[in-house]
Amino acid sequence: MASVITALLAGSGRLDGVPLLNPALGDTVETAAVLALIAAWLFRRRPARPLAAVLAAAALLTGMVVGALRLTGLVVDPYPASFALWVGLGLAALLGAPVVLARPGMPRRVAAVAAVPLTLAGALLLMNDEYGGWPTVGDLLGHNSARGGSALRLPPGSGVPGRGVLVAVNPPAGRSHFAHRPGSVYLPPAFFTAARAQLPVIIMLAGTPGSPSQWPTAGRAVATADAFAAAHSGKAPILLFVDNNGSVTGDTECVDGPRGNAETYLTVDVPAFVTRTLKVQRSPDRWAVAGFSEGGTCALDLTLAHPLTFRHLVDLAGDAAPTMGDAAHTRSTLFGGSAAAMREHDPRRLFARLHETDMTAWFAAADSDEDRVGIARDMAAAGARAGLTVHQFAGSGGHNWQFASTAFSQVFPGLCADLGLHS
């Protein structure tokens with residue numbers, strides 16, 4: 001009953017403001033989940049045989065999930081062993097509930113049923129604390145995302161002094177035919193003045209698993225832009241939050257290939273939509289790409305490969321090149337087996353043939369994300385050799401949205417200056 005009531009309240013939006021990035025909440029839910037499992041299984045006669053079978057099945061299924069994630073390339077980064085443990089506990093609760101419900105003992109039945117949502121919630125909160133993808137219940141349910149149709153629709157009260165607006169958009173894929181999810185756009189206060197045409201544009205890309213809504217929420221990009229606008233007479237870049245993957249678990253690495261023409265979508269379709277719909281200039285020195293994780297890899301690759309479209313990039317904890325794990329799997333999955341296409345998207349090759357020197361690049365990674373710190377340092381050095389103005393630093397934390405939101409706020413004033421927005 002408590003689960004049903006909670007679900008109804010969450011669906012109605014009344015729990016949207018409840019914070020999920022709260023270690024105390026996670027500890028409470030996880031403790032309750034363990035107690036429910038103990039009550040369901042250990043306080044009964046002859047529990048050993050069915051309990052052992054359930055645990056063995058849960059362990060097998062967990063191992064299969066882990067193996068599938070690795071083999072398919074959906075997850076290539078290391079993650080804590082506690083993730084697998086809590087996925088296993090959730091599966092054990094699901095598999096064990098029918099066994100307990102078929103036997104007498106109301107308290108055990110109640111505990112078995114309660115253990116299912118508690119273990120699943122415990123796993124979700126544990127992963128969310130690690131990556132920071134959903135700061136609140138509303139973010140998890142998608143209630144805090146901008147809503148609207150395929151065309152830009154400005155809500156009543158647009159252009160309120162001191163604050164911008166977040167509006168739903170869905171740039172059509174006329175050239176690329178890329179299957180994508182809707183996104184949103186942040187319009188600063190100055191957008192509603194004569195200064196609109198001169199405002200720079202930043203395309204914001206999330207990683208995978210992820211969605212276009214994560215930069216405005218978990219990445220706090222709107223709050224960062226609003227703070228800048230408040231100190232600069234309402235001027236701030238237009239932030240475009242668009243889809244680069246097609247689904248929550250999709251991973252295109254922003255290239256054209258078997259997974260869709262994401263590169264053409266981001267470099268042709270999206271800029272055409274922005275200039276046509278928002279009536280801003282399509283000048284490469286006033287356009288940038290910023291991204292986190294896979295989105296950071298995309299920002300680097302897209303900007304270097306398309307300097308006539310973008311001249312500035314922010315790569316937060318990206319990889320050294322588009323990747324799906326090992327080279328063979330990357331070549332097959334992303335480039336349809338073409339070694340030439342794979343080489344054409346290697347940032348080191350792109351740096352070597354770059355002729356434009358009026359480009360800027362920001363590289364950052366969290367201090368505990370050691371591999372990405374090294375990559376950021378290497379890419380910054382390659383960019384400097386190619387004549388770019390580069391900035392590189394290590395932030396605090398891990399490979400998560402907590403780091404990305406802080407790093408973006410640190411980069412933002414300098415990036416705005418790069419884009420010609422000084423006042």
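Visitor: Which residue stands opposite Ala168 in β2?
Guide: In this predicted model, the residue opposite Ala168 is Ser184 of β2.

Visitor: And in what sense do β1 and β2 pair, parallel or antiparallel?
Guide: β1, residues 165-169, and β2, residues 183-187, pair in the antiparallel sense, and five bridges hold that pairing in the assignment.

Visitor: How many residues of β1 are buried?
Guide: Four of the five residues of β1 are buried, and the strand is accordingly described as mostly covered.

Visitor: Let's move to β9. How many of its residues are buried?
Guide: Seven of the seven residues of β9, which spans 360-366, are buried, so the strand is largely enclosed by the rest of the structure.

Visitor: Which side chains point which way there?
Guide: Thr360, Trp362, Ala364 and Ala366 point one way from β9, while Ala361, Phe363 and Ala365 point the other way, and all of them are buried. In a regular strand the side chains alternate between the two faces of the sheet.

Visitor: Which way does β8 run against β9, parallel or antiparallel?
Guide: Strand β8, residues 312-316, runs parallel to β9 and is joined to it by five bridges. Within that pair, Leu316 stands opposite Ala364 of β9.

Visitor: How many bridges are there between β9 and β10?
Guide: There are seven bridges between β9 and β10, the latter covering residues 389-395, and the two strands pair in the parallel sense.

Visitor: Where is Ala317, then?
Guide: Ala317 lies in the loop between β8 and α10, the helix of residues 327-335. With a relative accessibility of 2%, Ala317 counts as buried. The C-alpha atoms of Ala317 and Phe403 are separated by 9.3 Å, although these residues are 86 apart along the chain.

Visitor: Switching to helices: at what angle do α4 and α5 cross?
Guide: The axes of α4 (residues 81-101) and α5 (residues 106-131) cross at roughly 165° and come within 8 Å. Angles over 145 degrees count as roughly antiparallel, and α4 and α5 are therefore roughly antiparallel to each other.

Visitor: Is that crossing left-handed or right-handed, and what is in the contact by class?
Guide: The crossing of α4 and α5 is left-handed. By class, their contact has 18 nonpolar residues, four polar ones and three charged ones.

Visitor: Backbone next. Which residues does the cis peptide bond join?
Guide: The cis peptide bond joins Thr208 and Pro209, with omega at about -5°. Pro209 has its place in the loop between β3 (201-205) and α7 (221-230).

Visitor: What about phi at Glu253?
Guide: Glu253 has a positive phi of about 55°, although Glu253 is not a glycine. This residue is found in the loop between β4 (238-241) and β5 (256-257).

Visitor: And what is phi at Cys254?
Guide: Cys254 has a positive phi as well, of about 60°, and Cys254 is not a glycine either. Cys254 also has its place in the loop between β4 and β5.

Visitor: Are those two buried or exposed?
Guide: The cut-off for buried is under 20% relative accessible area. Glu253, at 2% relative accessibility, counts as buried, and Cys254, at 2%, counts as buried too.

Definitions and conventions
Residues are numbered from 1 along each chain as its sequence is written. This is a predicted model: local features need pLDDT of at least 70, side-chain atom pairs count only at pLDDT 80 or more; totals for chains, interfaces and linings use all residues. Side-chain values use heavy atoms; hydrogens and water are left out. Axes are lines fitted to C-alpha atoms, for helices over the stretch in contact, and angles run from 0 to 180 degrees between N-to-C directions. Angles under 35 degrees count as roughly parallel, over 145 as roughly antiparallel, 65 to 115 as roughly perpendicular and the rest as oblique. A crossing is left-handed if the near helix is turned anticlockwise from the far one by less than a right angle, and right-handed if clockwise. Ala, Val, Leu, Ile, Met, Phe, Trp, Tyr, Cys and Pro count as nonpolar, Asp, Glu, Lys and Arg as charged, and the others, Gly among them, as polar. Buried means under 20% relative accessible area, exposed over 50%, partly exposed in between (1.4 Å probe, protein chains only). Two strands pair if DSSP finds at least two bridges between them.
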